[in-house]
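Thank you for making the time this morning.

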Amino acid sequence: RHTVFVGGGGGAATVVPHLAQTMGHKFYIAKNAPVISTIGVALAMIRDVVERVIPNPTTEDISKIKKEAAALAIKNGAVPETVEVQIEIDPQTSKVTAIAMGSNEVQTTNLLLNCDEEEARKLAAGSIRGAKPEEVKTLAQTDAFYVFGCEMNGKQQVRLVDHRGFIKVQVGDGIAAICKAADWKATVEGMWKQQLAYKTDTVLTPDVFLCVGGKVLDFSNTVSLEQLEIIMESEFLDIEPQEEVLLVVSRTELN
């Protein structure tokens with residue numbers, strides 16, 4: 001329901017509007033759409049994956065495999081400060097997967113001007129079906145991000161917009177909070193319990209997003225609070241206790 005179709009390529013102006021109308025989604029055609037494939041090659045992300053079988057992984061194990069994946073991405077051309085590593089743990093096979101993604105030198109060029117809060121609010125409202133900018137409230141703000149919320153059908157739509165005008169996270173039933181790095185565990189535990197959902201005899205764990213500096217880290221694949229804390233703890237090893245971090249936690253939507 002949150003999907004917006006973006007058209008690129010020579011046939012985009014013909015195919016995308018019809019498809020969006022048929023499926024009931026918003027759409028727009030990218031600037032310079034006919035040559036978008038060439039632009040995409042120049043701006044391609046660099047992605048590397050490292051997998052290890054580690055029974056009962058510790059924070060030290062997670063930190064080690066993250067550094068290995070990040071080093072591999074940097075070796076293949078990613079700019080170090082753009083590299084983000086996502087950790088996935090399969091408890092059945094004890095397989096730990098580190099997925100590193102980073103930008104190349106061309107993509108790190110700042111091609112857009114910073115947008116202010118009101119411009120970001122309009123972008124957030126445009127991504128929420130039926131919402132007006134004046135109905136969208138600012139939930140939190142950091143040097144790199146705005147977090148907006150809008151009540152729709154008893155749920156809080158949440159949008160995380162960076163200062164360049166990109167919507168980084170969009171969820172249909174979420175909450176947001178800013179805390180000191182030293183207090184992250186207590187804050188995460190409280191938000192996790194608040195956003196747990198239940199369906200018959202199944203517990204549906206929430207999706208968690210951590211914003212540190214200008215990075216957004218996605219922890220939506222974790223299956224328990226214990227596993228989440230082990231993975232997240234590795235992110236705080238090099239962060240000063242008084243540094244502020246932003247958290248967005250989304251309840252799993254029930255069908």
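I will go through a sheet and its helix, then a hairpin, then some side-chain pairs, and finally one glutamine.

Before that, a word on what we are looking at: this is a predicted model, in which local features need pLDDT of at least 70 and side-chain atom pairs count only at pLDDT 80 or more, while totals for chains, interfaces and linings use all residues. Residues are numbered from 1 along each chain as its sequence is written, and side-chain values use heavy atoms, with hydrogens and water left out.

Let me begin with the sheet, which is open and has four strands in the order β10-β15-β13-β14, with antiparallel pairing. At the edges are β10, residues 174-180, and β14, residues 215-218, each of which pairs on one side only. On average, neighbouring strands here are turned by 20° against each other, direction ignored. Axes are lines fitted to C-alpha atoms, for helices over the stretch in contact, and angles run from 0 to 180 degrees between N-to-C directions.

Within this sheet, β13 (residues 207-212) and β15 (residues 244-250) run antiparallel and are joined by five bridges, and Leu210 has Leu247 in β15 as its bridge partner. Helix α5, residues 184-195, packs on the sheet, where it touches β10, β13 and β15, and its direction makes about 170° with that of β10. Contact, here and later, means heavy atoms within 4.5 Å.

Now to the hairpin, which is formed by β4 and β5 with four residues between them, and in whose turn Ser94 has a positive phi of about 60°. The two strands, β4 being residues 84-90 and β5 residues 95-102, pair in the antiparallel sense over seven bridges, and Gln86 has Ile99 as its bridge partner in β5. In a regular strand the side chains alternate between the two faces of the sheet. In β4, Val85, Ile87 and Ile89 make up a covered face, whereas Glu84, Gln86, Glu88 and Asp90 make up an uncovered one.

Turning to rings, how many aromatic pairs does the structure hold? There are two, where rings of Phe, Tyr and Trp (its six-membered ring) pair if their centres lie within 6.5 Å, with planes under 30 degrees apart counted as stacked, over 60 as edge-to-face and the rest as tilted. One of them is Trp184 with Phe236, a stacked pair at 4.8 Å centre to centre and 5° between the planes. This pair links distant parts of the chain, since Trp184 is in helix α5 and Phe236 in the loop between α6 (225-233) and β15, 52 residues apart. Trp184 is buried at 8% relative accessibility, and Phe236 is buried at 10%; buried means under 20% relative accessible area, exposed over 50%, and partly exposed in between, using a 1.4 Å probe and protein chains only.

As for charged pairs, a search of the whole structure finds six salt bridges, each a side-chain nitrogen of Lys or Arg within 4 Å of a carboxyl oxygen of Asp or Glu. Among them is Arg52 with Glu68, whose closest N and O atoms are 2.4 Å apart. Because Arg52 lies in strand β3 (residues 46-53) and Glu68 in helix α3 (residues 59-75), this pair ties together parts that are 16 residues apart in sequence. Another is Arg251 with Asp173, at 3.0 Å between the closest N and O atoms. Here Arg251 lies in the segment after β15 and Asp173 in the loop between β9 (167-171) and β10, so the parts tied together are 78 residues apart in sequence. Arg251 is partly exposed at 25%, while Asp173 is buried at 12%.

Leaving aside neighbours within four places in sequence, Gln157 is in contact with several residues, including His2, Ile128, Phe148 and Val171.

How values were computed
Two strands pair if DSSP finds at least two bridges between them.
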